Structures are given as C-alpha cells and as structure tokens.
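Colleague: I have a fold open on my screen and I'd like to learn how to read it. Could you walk me through it?

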Amino acid sequence: MTHRPLEEPLRPVRPHPADVVWNRSPDPADVDPAVLSALLHRHGWQRRGGAAGRYGRWTPPGPGAGGTSLLVPESLAFPDSEDLLGEALLALSRSGTPSAREVLVSLAVPSDEIRWWRDVPTGPVGAVPWTVEEQLRSAARRMLLAGALATRARAGYYGARYRRTAAASLEHVLVGSAAGGRRLTAFVPVGTGRPLAVRLHQALYAAREAVDYQRATGGMDAFDGAVEAGVSREFTEALIALVRGTEGARVGVEWAPAAGVPEGCAAPAEAVEFSPGDLPVLREAGARYLRAEPSVPVRITGAVVRMRRSGPRGEGSVRMRVIAGAEIPHVRLTLDEESYRIAGHAHLVGLPVRVHGRLESRGGFRRLTDASGVEPVQVDEAERDRLMKSLQETAEITAFFEEACGGD
C-alpha cells in the first residue's frame, strides 16, 4: 500500500458528466415558455385553464397530484413572465413527480428522448424481479451502442470494429431510472448525439418493415436494404434482448422541442412495437448478417504485445495493439519465420510494425489473414519511449522476450 504525503496537493479529478450540466437548474432567462409547455405535454402534464394568451395552468400526471400546479406563461411578452417561469422551475425541482425531473433534464440540455417500454409479467402488487430492470437497461445500452456503431459506418456486422469510438460517443447520454423494469428513458443531447437518435429512429422503422416483409412473404431481402438505415446484427441482438421474456416491447424517439424535427424524420414519431413472434425472424436476420459480412483488406500499424510459436524456428502467432489502419483495439495474425523475426526485432527496439492483410469477419474482425509486407515503422524517440513503457506494463512482456529471443 502506498500513501500520499499530507502536503502533496490532490490531483484534479475529472467531474462526472452528470455533475456538470445535468444537475444545474435551468436559468429562467434561457427557457422558452413554448418549449417548457411542449415538454410538460409530452410527459403527461395536463393543461387546466389559465388566462388565455397569457399563461396556462398545468397539473402533473397520475393520481395523487393534489393541489400541485404550475403557471407557465405562453410568451415572454409580459412583465411577470420571467417570474412565473422561475416559480414554475422551482416547483418542478421540488416536485416528487418522476416526470418533473425529466422535464428539467430536457430543459438543462436540449435532448432527444429515446424511450423503451416492456410488457413484462408482474408478481404480487405489481412487483417484478430485480433482474427484469437489469435486462431492460442492458438491452437499452446495446441498442444505443448499435446506433452509435451505425453512425460510424454501415455494416451488417461490426464485431470489434468501431466499438471504442462508439462507446465514447455515449458518454454524454443520460439514462433515467427504470420504472419497475417496464419503462426507461435516455436523454441524447442534440449538440453531440442527434445523429445517434436519427439513426436509431431510422433503424427501428427499417427493422419493423423488414420483419413484416419476411412474415408476409418469407423473404429476407428487406434486411439487406435495412443495413443502410442502421440495422445490423448488433441491432437485431439488442431487439432480441429487449423483447425476450416479455409480452411485447416498444421503442420510440421524441425530438427535442428546442431543436425541432430533423430532416427526413416523422413528427410526431410513433413508437415502434415488436412482439415475441418477431424473435425467430430477428435471430435469422442476425445470423444472415454474420454470414454475409465480408473480410476487409487493411494495412495496419500496431505495437507487438505478444508472440508465440511452438519451436525455435518456423511460423508463429502474434498479437498486436492497433495504432492505425483499423478501428479495433487488438488483432491476432500468423507470420512466417522471416516476418516473425522482423516483428520480434521491432518490438525489442521499441518500434511498431506495419502489415498488410485481410480482417476476417469470423471471430469479430479480430484476426488478420494473408499477412504480408511486415516492416518496422520509424517513430521519434518520445513515441518510442512511450511504446516501450506501455508494453512493459503488460503482464505478457516476460513471455514475449523469452519467445522472441529464443526465435533468434
């Protein structure tokens, strides 16, 4: 165990994304009354009168609302409009209604809302097993990741490709609490995540149409065209995870009122429904995407992190951390004796290597076949030192040196 000296200042800690913007109350001066009214209506609040042309009185959804109500001005044209907005926002922040928090989140950062609903069997007093909520969250995350992958490239199967950048694009997405494992909402900021919301919207409709076409005609051709809309094996697997164990599930995308409806998308966008009867078609589509995705010719630059062969001579297998040439973290390949020797020498002097080959879809695009043209890549001293330090921190380094030196 190590201890930091008492006089040493603490390292700055990167703030959690939810602590920076999402928890900040909206400034009344930055709130458009029309946007607030649209959000209240979307989340089930009811307008019950008010002075026509000046303000509306809104009450929360569901029983037990009591005397709670908000006075929301219709515009900022009146002297007391900003005061009314401030009081309404304060009342929302103090409200125990779940929808009040969702309204505040959408006001803090204009966000498209992606909603999932699952019709799951209930137990005593409407309770459900805790695993049901975990299943909903897992399926929702997989769908978001599939949508993020589709914003990077169009493919029927991604495997390990683009996953790091796709996962990074989800960092600013806020997910609300799952209501009894039946409903979940994700808030996707318009500024950074609208392409994701648009792609999910298009993929949902394309998947629904492709499933209907297959069930009506028996043909799977519609799934080939659906790839351009963002449907993939990863997307069908997310749908399967969402629907499995339910009596049906729906997914809907609602656009941020402050940003308007994106071009080519429906307004309002109706939720798309899937049922257990769709599962065989979705499974068949996923298997079809896996079989059909071709291998990809690439030229990869990477740092060798592991080498292995059965004897002191002959071909051997190599594992590389990819630096450039493919959107995957690591790749495995088999090299002939001369290429294996070059890769070993390059590692020993702290140089990455460049190699040509084909990324095979089998195994998730993690293996390079037909490898050729292995050559060291010159880098500056600082980059070489960084590579050496990174490689020496791996637990595999000892085995690497023993095998690499033995091969010479």
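Predicted model: local features only at pLDDT ≥ 70, side-chain atom pairs only at ≥ 80, totals over all residues.

Colleague: Which other residue has a positive phi although it is not a glycine?

Modeller: Phe365, with a phi of about 60°. You'll find Phe365 in the loop between strand 12 (353-360) and strand 13 (367-376). Phe365 is buried, with a relative accessible area of 0%.

Colleague: And how do I read a core?

Modeller: The general idea is that nonpolar side chains tend to be buried together in soluble globular proteins. Here, the largest nonpolar core has 58 residues, and Ile114, Trp116, Met143, Leu144, Leu204 and Phe235 have the most contacts inside it. Take Leu144: among the residues it touches are Ile114, Trp116, Leu170 and Ala186. A second, separate core has 25 residues, including Val304 and Leu351.

Colleague: What about sheets? In what order do the five strands of the open sheet come?

Modeller: The order is 5-6-4-7-8, with antiparallel pairing. Strand 5 (174-175) and strand 8 (272-274) are at the edges; each has a single partner strand, so one side of each lacks a neighbour in the sheet. Strand 5 pairs with strand 6 (residues 183-189) over two bridges, and Val175 is opposite Ala186 in strand 6.

Colleague: Which helix lies across strand 4, strand 5 and strand 6?

Modeller: That's helix 4 (residues 98-108), which runs at about 15° to strand 6.

Notes: Residues numbered from 1 in each chain as written. Heavy atoms only, no water. Core = buried A, V, L, I, M, F, W, Y, C linked by side-chain atoms within 4.5 Å. Buried < 20%, exposed > 50% of the residue type's maximum accessible area, 1.4 Å probe, protein only. Contact = heavy atoms within 4.5 Å. Helix = DSSP H or I, 4+ residues; strand = E, 2+ residues; numbered from the N terminus. Pairing = 2+ DSSP bridges. Axes fitted to C-alpha atoms, helices over the stretch in contact; angles between N-to-C directions. Lists of a residue's contacts leave out its neighbours within four places in sequence.
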